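Subject: Structure handover

Hello,

Here is the structure for you to look at. My notes on what was found in it come after.

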Amino acid sequence: MTRYIIRRLLQAIPTLLGISLLSFTLIKLAPGDYVLMTTFDPSITAEVREELRRQLGLDQPVPVQYVEWLTGISLRGGDMVDAMAPMSKSCRYFDSLDFTFCDRGGGLLRWDLGYSLATKEPVWDMLRSRMPASFELGVVVLVLTFLFGVPLGFLSALFRGSAKDQGIRLLSVTGQAVPIFWMSLICIFVFSVLLGWLPVGGRMTISLDMKFSLVDRIRHLILPAFVLSLGGVAFLTKLVRTQVLEVIEQDYLRTARAKGLGSLALWSRHVLRNAMLPLATVLGPAILSVINGALVTETIFAWPGMGRLTWFSALQRDYPMIMGAVMFFSALTILGFLISDILYAAIDPRIRLQ
Amino acid sequence: MKRLAWRRLLAGATLVAFVLPLLAACTTVAVPAAPEAAPTGPIQGGTWTEASSADGTILNPILASDSASFDMMPYFPGLLGTNPKTGAVEATEMAESWTVSEDSLVWTFNLRPGVTWSDGEAVDAHDFKFTYDAIASELVETPRKANVAGIESIEVIDDLTVQVTFTDLKCDGLLDLGLGWLPSHLYAEDFSDIMDSPLNTAPTATAEAFGFKEWQRDNFIAMESNDGFWKGAPNMDGQIIRVIPSAGSRLAALENGEIDVMGLEPTQLTRVGLNPDLNIFKFKDDGYSYIGLNQANPANPLPGQDEDGNLVEQDPHPILSDKMVRKAMAHSLDYEAIINKVYLGQGYKLASNVLPAVGWAHDASIEPYAYDLEAAATLLDEAGWTDSDGDGVRECNGCATAEAGVTLSLNLKTNAGNSTREELGVLVQDQLNSIGFDIEFEAIEFGTLVGELLGQTYEMVIIGWTGLGTDPNDDSFWHSRFDTPGSGFNFVSYQNPRIDELLELGLETPGCAPEDRAPYYYEIQQIIHDEIPYLFVTGSIGNVGYSNRWEGIDPGTWSFSWNIHEWALTE
């Protein structure tokens, strides 16, 4: 098992490098660059823009920029030591080859995601500062999803064809069909504006002398967590219902029933365990969604999570920040699928990881 | 996040877009009488809460380029004040008075004595010089370098006297001096720590009404009142700016009492107007919406001047280079309907490029183009654009600028996500098509639009300017020098030697007196009106919704919160 995990983690390295190359190219293909986006201002002259591009290294061909992002090393033709020195740790001109070699420091290979162009802060710090908010909302949503999705799916299957089943199925179709932004606005209007029960948005009540209050945090969590878990609950309900129905059609269940196995033992030991298998597949990516944020919910409920950070940096063409987010989420995705596979093996003894 | 694209688009304008809030944030008013003597002074305490659609990026006045950042850092003193109602430059900030040399190139500013940073250090001429030298430094990456391009030298005569020498006379040159000052005593002398200073996210010193307290990214920024503020300690405890990206959620928060103020969209006016706890401040904003008409061939963008400054003959646009066609367009838009239906009444008709807000330079005698479809049709007929095959679209039959048989087909673009502009685009398409145009309209991603706009590869664009500021100079929109494909803002490729000359005269008027400059701007407005490089759709009207639980709020066009230190809770 350990060897399997180590091998999978090692395999992730070329995968991540491939992702980085592909996404860097795609981002650079998008029209407009960081300098253009932040200086769409007639008082800023073309010369200033060129100077900024040169300082930020955005005037270089895309492959050069990629190598610079990856390694933190800048290569320029000719003797550019004077021009490059202010932005680098060390610079050297190689006479015979007529190029300048500068070490800017950082670079992905040195385990450094670099600095955001807009905020000048380390990309990792910016990602990290949004994690608690994303994590908080994500965990609650995940718990709610499983807490309601699994039992509802079971009930639905158990009372198949009955009014209860129809009701649950109607709810789950609705839950999946209702757009999140619409549901969010309706919830805000009803519970915040009309009834005044819950805050409009944010993660906490903000004041000059803030103290941590669990009740306050929960009050702020209710609406976004509810809206965000709707889709998941609906999806899981349907999935569990289908799985359970499939399992109870199986021969071994009829056999078990014929043997006189009690209803509780039958459901818990045979149906539940077998129906759980596909859940393991869902859980890995679901854990990923805990952290990667939810743009629409974060926007409407003013939730300071990672989705907004990523989206905003994409609009700004803040390349190091976008790349940092892409790398982080890619690594998480790979990890999520690994967890799925391990869970799978743990639940189903027929599966062996090699 | 649609909001961002909208903000960005509007964000294009002169430097004043960013400077004004700074200047205007703190115009002087007589310091209120000492409260301890009066038994019933204003109520002390309370927190003023604002909502911003976007988070700031960096709390350093020379590195930031977005208005959200400037809103979040009202800590840095500035040289000059702006009258919140008229926009006039006033000696209400650090400069108490100034003298100007005869050639208007050397400005000597006498600074206000006794102003200190909150850590006790004096605010003086060294801070000013440090800030501007930092901008020029090779170690500093900033879009603000244009601010120092026209400055030959800055000399500290003594702690409270500073002399600025400009290389050339520029009547709006003072605006370049509008950036907030950094506390020089907290930085390395050689500017080496400016880019990665921790002060960029947590400024420790303030010389204004508020000081920094806490910033949680994408969430809020909290500021405490500065009791040592030289205009008088604020009555409130502090202010908070919350980041709420969705306009609908901001409105809900305003109605709910979670925030005290927000900029309103036209669709939100009715709800706020009906709420007895809220007030609305309506003002003519310093911006306008327009349709830019590219006069040059989008397939062959050329710069307006060569390296020696001589005019470069443009490859004319086969349709839009014809003034008769542009005039026909100007007559075929129903401005009144557009303002009422698309802008929900939050706009006003505009005849040319200088806004009424700049009173001394605005020529009110020019009439906006009337909605007159007959006149428009006649103009097109006369110009040789007629519908000979009866398909509803005119073709060139003896027109001056295109080959015979070319249809009157044009592409119109705007940025996706701005619903007002998208609605306007559909309406414009409909109205122009009704007199024989064939308009293709598309809304595209903002970054892509900016690329096409500056690259001059578009035909017609719906866009707007905001933050045009207090000076009528807008040479970057019309001067052939700024017709540089890829970067210049004369992206309609407008070329007129007389306009170039007038813009230069207006900017280089000896003495810079408004009455001497005004005639040039009057003539500019008449020419721009006649030649129609832009179809002026509407002047912008801004609306601010705010809570009436505060008293003392006296908003002006140029600043809402200029006297925020005097505001107090009503109960």
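**Strand β19 of chain B and its partners**

In β19(B), B:Gly545 is the bridge partner of B:Ile280. Please keep in mind that this is a predicted model. The pairing behind that bridge is between β12(B), residues 278-293, and β19(B); the two strands run antiparallel and are joined by 12 bridges.

Strand β11 of chain B, residues 261-263, pairs with β19(B) in the antiparallel sense, over three bridges. There, B:Tyr546 of β19(B) stands opposite B:Val261. Strand β13 of chain B, residues 347-348, also runs antiparallel to β19(B), with two bridges between them. In this case B:Gly539 of β19(B) is the residue opposite B:Tyr348.

β19(B) itself spans residues 534-547 and is mostly covered, with 10 of its 14 residues buried.

**Helix α4 of chain B**

α4(B) runs over residues 125-136, which makes 12 residues. From the first C-alpha to the last, the helix reaches 17 Å, close to the 16 Å expected at 1.5 Å a residue. Its buried residues are B:Ala125, B:Asp127, B:Phe128, B:Phe130, B:Thr131, B:Tyr132, B:Ala134 and B:Ile135. As a general point, an α-helix has 3.6 residues a turn, so residues three or four places apart point the same way. The cover over the buried residues of α4(B) includes strands β5 (106-111), β6 (151-158) and β7 (161-166) of chain B, together with helix α5 (146-149) of chain B.

**The contact between chains A and B**

Chain B puts 56 residues into the contact and chain A puts in 52. On the side of chain B that touches chain A, the elements giving two or more residues are the helices α1 (2-11), α6 (247-256), α12 (446-455) and α13 (475-478) and the strands β8 (210-216), β9 (220-225) and β10 (238-243), all of chain B. Which of these elements gives the most? It is α6(B), with six residues. Sorted by class, this side of chain B has 22 nonpolar, 21 polar and 13 charged residues.

**Chain A: a helix pair**

In chain A, helix α6 (residues 123-158) packs against helix α9 (residues 214-248). The angle is about 35° and the axes are 6 Å apart. The crossing of α6(A) past α9(A) is right-handed. By class, the contact of these two helices has 20 nonpolar residues, seven polar and one charged.

A:Glu246 lies in helix α9 of chain A.

**Chain A: a three-stranded sheet**

Chain A also has an open sheet of three strands, in the order β1-β3-β2, with antiparallel pairing. Its edge strands are β1 (73-77) and β2 (90-94) of chain A, each of which pairs on one side only. From one strand to the next, the twist averages 15°. β2(A) and β3(A), residues 99-103, are paired in the antiparallel sense over five bridges. One of the residue pairs is A:Phe94 with A:Phe99, its bridge partner in β3(A).

Regards

Technical notes:
Residues are numbered from 1 along each chain as its sequence is written. Chains are lettered from A and ligands numbered from 1 in the order in which they are written. This is a predicted model: local features need pLDDT of at least 70, side-chain atom pairs count only at pLDDT 80 or more; totals for chains, interfaces and linings use all residues. Two residues are in contact if their C-beta atoms, placed from the backbone, lie within 7 Å. Helices (H or I, at least four residues) and strands (E, at least two) are DSSP runs, numbered from the N terminus. Ala, Val, Leu, Ile, Met, Phe, Trp, Tyr, Cys and Pro count as nonpolar, Asp, Glu, Lys and Arg as charged, and the others, Gly among them, as polar. A residue is buried if 20 or more other C-beta atoms lie within 10 Å of its own, exposed if 12 or fewer, and partly exposed in between; C-beta atoms are placed from the backbone. Two strands pair if DSSP finds at least two bridges between them. The expected span of a helix is 1.5 Å times one less than its number of residues. Axes are lines fitted to C-alpha atoms, for helices over the stretch in contact, and angles run from 0 to 180 degrees between N-to-C directions. A crossing is left-handed if the near helix is turned anticlockwise from the far one by less than a right angle, and right-handed if clockwise.
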